[in-house]
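Visitor: Please pick one part of this model and go through it closely, together with whatever it packs against. State the cut-offs as you go.

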Amino acid sequence: MADDIRIAFLLFPHLTQLDLTGPAQVLSRVPGAHVEYVALTLDPVPSDCGLALVPTVTIEDAGPADVLVVPGGDGAFDAMLDPGVVAFVRRQAEHATWVTSVCTGAFVLGAAGLLAGRRATTHWASKPMLEAFGAQPVDARTARDGAVVTAAGVSAGIDMALWLAAELAGQPAAEAIQLQIEYDPQPPFDHGSAERADAVVVTRARAAAEESRGAKVTRAAAAVLR
């Protein structure tokens with residue numbers, strides 16, 4: 001990888017901020033990294049927790065990136081239906097070394113036609129719906145298939161970013177970044193996985209995700225697979 005590593009983070013309304021800020025905190029520390037935050041306009045973009053994020057460049061003006069990071073959140077299911085967003089992701093994928101997503105950002109990659117025939121992961125509640133884009137959903141914290149790397153829900157983006165940092169700058173550099181951000185998870189509860197959570201809660205959440213997002217996924221999949 002060249003000394004100057006261009007990393008583009010896609011912004012859209014109602015993204016989950018940790019999907020973006022977790023990987024950004026890691027990847028911005030990669031030696032030679034040049035980070036841009038790309039949106040349709042330069043107006044502040046509201047996240048799903050009320051924190052506004054400020055773009056640095058518009059989709060129209062953004063140049064090709066070595067790494068594209070697409071966060072998730074409820075807003076991803078509107079972003080995947082936005083022709084401008086989808087065209088941008090496709091355009092970036094033509095030149096990027098790595099195209100990545102966090103959480104439901106995978107659905108934006110799917111809408112851009114980048115998941116067909118690939119292994120992919122996303123937030124556990126929405127994972128079955130990836131099949132609509134021809135993807136093979138896998139139970140993994142991070143899934144790599146060729147140049148496409150998808151991370152599971154929210155906090156998994158940090159794991160993905162550390163792995164990517166090692167690919168970009170070597171494992172010692174990635175380990176130094178992990179130490180710098182003191183990423184040493186020790187949660188008070190062992191309840192962060194659908195495999196260990198209450199089965200009734202998991203079933204209800206997946207049904208709710210299908211009810212609220214399924215129609216949009218079907219529309220986006222029909223557009224890309226027709």
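Guide: A nonpolar core is a set of buried Ala, Val, Leu, Ile, Met, Phe, Trp, Tyr and Cys residues joined through side-chain atoms within 4.5 Å, where buried means under 20% relative accessible area, exposed over 50% and partly exposed in between (1.4 Å probe, protein chains only). The model is predicted: local features need pLDDT of at least 70 and side-chain atom pairs count only at pLDDT 80 or more, while totals for chains, interfaces and linings use all residues. Residues are numbered from 1 along each chain as its sequence is written, and side-chain values use heavy atoms, with hydrogens and water left out.

The largest nonpolar core has 72 residues, and those touching the most other members are L10, L27, M80, V89, V108 and F133. Helix α5, residues 156-169, gives the most to this core, with 8 residues, and it is the part taken up here. Helices (H or I, at least four residues) and strands (E, at least two) are DSSP runs, numbered from the N terminus.

The loop between β11 and α5 holds V154. V154 has a positive phi of about 40° although it is not a glycine. Most residues other than glycine have a negative phi. With a relative accessible area of 25%, V154 is partly exposed.

Two helices pack against α5. One is α1, residues 17-27, whose axis comes within 8 Å of that of α5 and crosses it at roughly 25°. Axes are lines fitted to C-alpha atoms, for helices over the stretch in contact, and angles run from 0 to 180 degrees between N-to-C directions. Angles under 35 degrees count as roughly parallel, over 145 as roughly antiparallel, 65 to 115 as roughly perpendicular and the rest as oblique. α1 and α5 are therefore roughly parallel to each other. On the α1 side, G22, P23, V26 and L27 meet G157, I158, A161, L162, L164, A165 and L168 of α5; contact means heavy atoms within 4.5 Å. L27 is also among the core residues that touch the most other members. In the loop between β1 (5-10) and α1 lies H14, with a positive phi of about 70° although it is not a glycine. H14 counts as partly exposed because its relative accessibility is 43%.

The other helix is α6, residues 171-180, which packs with α5 at an angle of about 140°, the axes being 7 Å apart. L162, A165, A166 and A169 of α5 make this contact with Q171, A173, A174, I177 and Q178 of α6. α5 and α6 are therefore oblique to each other, and α5 passes α6 in a right-handed crossing.

Next comes the sheet. 7 strands form an open sheet in the order β5-β2-β1-β6-β7-β11-β10, with mixed pairing; two strands pair if DSSP finds at least two bridges between them. β5 (57-58) and β10 stand at the edges, each with a single partner strand, so one side of each is left without a neighbour in the sheet. α5 packs on this sheet, touching β1, β6 (67-70), β7, β10 and β11, and its direction makes about 165° with that of β7.

β1 and β6 pair in the parallel sense over 3 bridges, with F9 partnered by V69 of β6. β6 and β7 are also parallel, over 4 bridges, and V67 stands opposite W98 in β7. In a regular strand the side chains alternate between the two faces of the sheet. In β6, V67 and V69 point one way and L68 and V70 the other, and all are buried. V70 is one of the residues touched by V108, along with L10, V70's partners in that list being A76, A79, M80, V85 and V89 (residues up to four places away in sequence are not counted).

β7 (residues 98-102) pairs with β11 in the parallel sense over 4 bridges, and the bridge partner of T100 in β11 is V149. β11 (residues 148-151) in turn pairs with β10 (residues 142-145) in the antiparallel sense over 4 bridges, with D145 partnered by V148. β10 and β11 form a hairpin with 2 residues between them, and G146 in the turn has a positive phi of about 65°.

Technical notes. A crossing is left-handed if the near helix is turned anticlockwise from the far one by less than a right angle, and right-handed if clockwise.
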